[in-house]
Amino acid sequence: MRELFNCLRGRFITFKIGLFFLFFHIIGAQAQGLMFNSNDSLLNKRTSYDIFSTHPQLFQDRLSISFDLSLWDTKNLGYIFNLAGKNNSYSLSYLYFNGAAYLNFNIDRKSNKLKIPIQTSQLHKRKWIKVKVDFNLKEDNVKIYIDNQLYPANGLGLEDTITAKLIFGKNQYYMEVPNMAIKNLVVGDNQKSYSFPLDESGGNIVHSDNGEEIGLVENPVWLINDSYYWKLSYEHAFKQVAGLNFTPIDQNLFIYTRDSLIVYDSEKGSAVSTIFKKQAPVALLLGKSIFNAKEDKCYIYEAFNVPSGTPSIAALDMKSMTWETIGKAQFIGQRHHHNIFYNKTQDSIYLFGGYGLYTYYNNFFKYNRKDDKWQKVVFKGDTITPRFFSAVSNVNANNEVYLFGGYGNESGSQIVGGRQYYDLYCINLQTHTIKKIWDIHPNEVFVPANNLILSSDGKYFYALCYPHEIFKTNIRLYKFSIKDGSYQIVSASIPVVSERIESDINLFLNNKTNQLLCTIQEFTDPNNSTIKVYSLSYPPVSAASYSQFHKWQIKHWFKLIYIAPLLAIVLLILVLIRFYKKKNPRNIIPVIDEFEDEVQDRQKTDERKVNAVYLLGEFMVFDKKGRDITYLFSPKIKQLFILILLYSKDNNGIPSKKISHLLWPDKDAAKTKNIKGVTLNHLRSAIADIDGIELTFLNDIYFLNTDEAFFCDYYIVWDMLKKEGNEKQETIIDYFELINRGSFLSNMTDLWLDAFKADFEEQLLNQLLPQLDKLYAEENYKLLLEISRLILNVDVFNDTALKYQLKSYRRIKGIDYAKKIYDQFVTEYKKSLGVDYAVSLDKILH
């Protein structure tokens, strides 16, 4: 009986959550549409959309069909829709021939009634044409409106009523389908109307705007997915320094090296390479550039470290593909991740901020071409604190640019640490004034990528944001309100590896194709990089809107006839649960999985937030009052702290010279004395409010003394792993909440950490692997899956972990799910190692 009521209670909680999202989380969003697999696909893969396949409808006196149509076919004949009546069938077809495009209205197999020209400028994906086909059944005529332009025809052989067999794309008569998409379909007569937003995200069933299941589609391509999920469109590896930019004139992305240019056309998905007649006069180090649309030229420049006597700025003429040397001006130090922008007339280049020589900058410079100098410019109004990793917009009609966010501090000195900024400034290049618009405090930690995209109404901007200090992370698109800073996430994530400071991320908008382009340049060393281009249909949809559409959109409240039975069931379950609680107050089993409860209880009980340092998973530090002081540990202070902490565990500290060698390998040990001393002083300040830990220096050895007041998750787990035989009264499972936080210093890739990581992971695997057989025998599949996941995070192709993972999934979710996991594993195995995985699923499971 207890299990029955717990089951009811669980179902009720799930039901309550569903109701909450159903009634309160539903928000309106723009329909995205249905794209058709065309003649480019095999016959059985082409798209066919039968509007009333499940609900045949009779229309009387009039039949109106309106929809938004997108066409981008420049080679095929194809059919938009076919309407079959009792005696005749009618079609709207498309033909591109000899450079001209036409829509044709036909009485099938009899005559062509209308030939309607379509401008080739309209033939782009997601460029929508409004189409209305209005049949007057009684008068036997049709009026077709293309973007409100009327094209009439009569003598069609229509009858007063028609039970419409209306099919878009492939149909019973014709297999030819053009490259097209439709949305906002409305079909009706004078008495009734059916509206289909075509805003699904998956499946073959089509819903009307009130949620009814009407119609079926074969081989659909739902466009909402293109507006939420980034698509990897292009990738190229370079063995020399490369840079990139975007030309608003041709709406193309281009990538340049010193010797050649690659132009990527995102509409066609093609790339064309051109070799320069003469190589670029500037020796590329970071490959930065700014595009001048007025001149149709790309100005490449290097801010620092250009070989003496050689140019630092040059212009590439995009028409002639020739270079022009501009100047030799450069800065005293590097300006990593600065911002660069033009004024309204595109005759002045401005540069702001950046990082170099252990310093964050907040100066504005303007390039004086006549004198070949970067001249400092003074701005009035609000002050922007020193920073890098800010994002800047293009200049608007008011000669203003917006600057958002970044990372830095008030002093500009890196040795005092840094913080993320989430503020927005309006910079007027005419009056040289700065106005702070807002400063927000989001829950996430991130910096923006280089550039902002302003919405057409000027009320919002889009920015790619990511946590830059995590080398393996994810980047997502955000939409911010310029008025108040409110924001929402408007895309799925893109994985990014940012191991070097040269790594570069940009955002561009292709207005011709209505696509956002995200470019990610990942460096393995200063000369070798990979450039990836991702595309997303514009405008994007928010995560909330996508979740809403994931099944289908509901725009009206349920009718009472549907709600009343549900409410009755809810009330019944409530009464039963309350009654049972009174009868059995101590025996209710929580709905949440027992294993999850156990984990949560452990975390609540054991997680320390006083005098604590966490090295497993996210690096975190808490002082004696439980305050999170992680922000005090800048990258270099963090490196120094962890280095001494690890060497203090089993090695009795670390020599001063070894610190210099490991943390400043490119400098002579004697020359690191000052900077090392400053960093050590900041480390002492950072840990001053943590009880139980003290930094000492004796006989040229640095050591962190700790006592029982101090907590470090790595220390605790390492002590357990090193215990042997009779010393052990606990197992590694007792420390699950600690090891489940994540991998050991997973976000740090310093070479000196490799030995520590290898030792820890080896000991951890030695302890975890024997637990799998034990947990399987105990039928504790939930915990076994968690342990398997931890093992596979360390050793991605561990056979034992895979075996028990698959056996557990078979027990919990069935053989089909286990096969799905196995297929994913063997695919990744082949991709990574280049050979097939040798063990079959049957052999693993039996």
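Predicted model: local features only at pLDDT ≥ 70, side-chain atom pairs only at ≥ 80, totals over all residues.
How are α5 and α7 oriented to each other?

**Stop 1: a helix pair**

Select residues 635-650 for α5 and residues 673-686 for α7. Angles from 65 to 115 degrees count as roughly perpendicular, so α5 and α7 are roughly perpendicular to each other. Now show side chains where the helices meet. On α5, pick K636, I637, L640, F641 and I644; on α7, pick T679, L680, H682 and L683. Colour this α5–α7 contact by residue class and you will get six nonpolar, two polar and one charged.

**Stop 2: an asparagine in a loop**

Next, go to N171, which sits in the loop that runs between β13 (165-169) and β14 (180-188). Is N171 buried or exposed? Its relative accessible area is 5%, and because buried means under 20%, N171 is buried.

One of its polar atoms lies 3.1 Å from the backbone oxygen of G169. A polar atom of the N171 side chain also lies 2.8 Å from the backbone nitrogen of Y173. To look beyond the local stretch, hide the neighbours within four places in sequence; N171 is then in contact with Y79 and N82.

**Stop 3**

D61 is not a glycine, yet its phi is positive, at about 70°. Switch to a surface view and D61 counts as partly exposed, with 24% relative accessibility.

Then jump to H337, in the loop between β27 (322-327) and β28 (339-342). Here too phi is positive in a residue other than glycine, with a value near 50°. H337, however, is buried, and its relative accessible area is 8%.

**Stop 4: a cis peptide bond**

Which residues does the cis peptide bond at this last stop join? Select Y538 and P539: the bond between them is cis, with omega about 5°. To place P539 in the fold, show the loop between β46 (529-537) and α2 (543-549), where P539 is found.

Key: Residues numbered from 1 in each chain as written. Heavy atoms only, no water. Helix = DSSP H or I, 4+ residues; strand = E, 2+ residues; numbered from the N terminus. Buried < 20%, exposed > 50% of the residue type's maximum accessible area, 1.4 Å probe, protein only. Polar contact = N/O pair within 3.5 Å; in protein donor to acceptor, adjacent residues only side chain to side chain. Contact = heavy atoms within 4.5 Å. Axes fitted to C-alpha atoms, helices over the stretch in contact; angles between N-to-C directions. Parallel < 35°, antiparallel > 145°, perpendicular 65-115°, else oblique. Nonpolar A, V, L, I, M, F, W, Y, C, P; charged D, E, K, R; others polar.
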